[in-house]
Amino acid sequence: MAAVRQDAWTNEEDSLLAETVLKHIREGSTQLQAFAEVGKKLSRTPAACGFRWNSALRKRYKNEIEWAKKQRKALKKASGTKKNQPAKPGPFPAPDVQALDQFIVCLEQLKTYLTKVDGYVQQMEQENEKVKELEKRIESLERENRMISQDYLALLAIMEKARKMTEKKETRNDGPEEKKEDADGGLP
């Protein structure tokens, strides 16, 4: 049996431990099996690997653990395995770089489009403010127009009364009485 190491952990050893544990999580295996595998590679005990994982690394790899669990579930679903059966390990397809580039271009175009839409929204808000101001102005002018119309009708009524009064006065003056001449001899 090889000597068991008890020296400090290096970054490379931490990385190997994390990668192995995440691989076992993805494949549906146990962390204990991962600790045993790494322990053999690094000449450390599985307990030392487990202690290192739980005390120093697990919290740092929280998001990666969640992602590995989701991958495990997806693999189980795709392979049709039951809950208690481990998923069959398989290679993960390499990401399609061309598709990723196209996706990035699409996102950039979407960003440009959304920037334009945002500009249009701001412009529409400004136009809506102008419309509201114009509606207030129209309302004010309509009130003013109603007041002027009322004043105009009142003026017409006054003028009509004045005309009728003048006609009455003239008919009274033109009646059977004799027309009076003024001092110059003319008619009033």
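**Figure 1. Contacts across the whole chain.** Take the contacts in the protein chain with a separation of 6 or more: 54% of them are between residues 24 or more positions apart. Keep in mind that this is a predicted model. Of its 188 residues, 13% count as buried. The accessible surface comes to about 16,000 Å², and carbon and sulfur atoms own 57% of that.

**Figure 2. Glu13 and Arg44, a salt bridge between a helix and a loop.** Here the side chains of Glu13 and Arg44 meet, with 3.3 Å from N to O. Glu13 sits in helix α1 and Arg44 in the loop between α2 and α3, so this pair ties together parts that are 31 residues apart in sequence. Are the two partners buried or exposed? Glu13 is buried, at 6% relative accessible area, and Arg44 is buried too, at 5%. The cut-off for buried is under 20%.

**Figure 3. Glu37 and its two lysines.** Glu37 shows up in a couple of salt bridges here. One is with Lys23, at 3.4 Å from N to O. Since Lys23 belongs to helix α1 and Glu37 to helix α2, the pair ties together parts that are 14 residues apart in sequence. Lys23 counts as partly exposed, with 28% relative accessibility. The other bridge joins Glu37 to Lys41, at 3.3 Å from N to O. These two residues both lie in helix α2, four residues apart, or about one turn of the helix. Lys41 is exposed, with a relative accessible area of 51%. Elsewhere, salt bridges with shared partners link Arg5, Asp7, Glu13 and Arg44 into one network. The structure holds eleven salt bridges.

Figure 4. Thr20 has its place in helix α1, which covers residues 11–27. What does Thr20 touch, once its neighbours within four places in sequence are left aside? Its contacts are Ala34, Glu37 and Val38. Thr20 counts as buried, with 5% relative accessibility.

**Figure 5. Ser43, a loop residue with positive phi.** Ser43 lies in the loop between α2 (31–42) and α3 (46–57). Its phi is near 60°, a positive value in a residue other than glycine. For background, most residues other than glycine have a negative phi. Ser43 is partly exposed, at 30% relative accessible area.

**Figure 6. A nonpolar patch on the surface.** Phe103, Leu107, Leu110, Tyr113 and Leu114 make up this patch, and together they have about 520 Å² of accessible area. Phe103 is in helix α5, which takes in residues 97–173.

Figure 7. Which residues form the negative surface patch? They are Asp118, Glu125, Glu129 and Glu133. Glu129 has its place in helix α5 and is partly exposed, with a relative accessible area of 44%. The positive patch on the surface gathers Lys164, Lys168, Lys169 and Arg172. Lys169 also lies in helix α5, and at 53% relative accessible area this lysine is exposed.

Definitions and conventions
Residues are numbered from 1 along each chain as its sequence is written. This is a predicted model: local features need pLDDT of at least 70, side-chain atom pairs count only at pLDDT 80 or more; totals for chains, interfaces and linings use all residues. Side-chain values use heavy atoms; hydrogens and water are left out. Patches are made of residues with over 30% relative accessible area and no salt bridge: like charges are joined within 9 Å, nonpolar side chains (Val, Leu, Ile, Met, Phe, Trp, Tyr) within 5 Å. Accessible areas come from the Shrake-Rupley method with a 1.4 Å probe; for residues, only the protein chains shown count as cover. A salt bridge is a side-chain nitrogen of Lys or Arg within 4 Å of a carboxyl oxygen of Asp or Glu. Buried means under 20% relative accessible area, exposed over 50%, partly exposed in between (1.4 Å probe, protein chains only). Contact means heavy atoms within 4.5 Å. Lys and Arg count as positive and Asp and Glu as negative; His and the chain ends are not counted. The place of a charge is taken as NZ of Lys, CZ of Arg, CG of Asp or CD of Glu.
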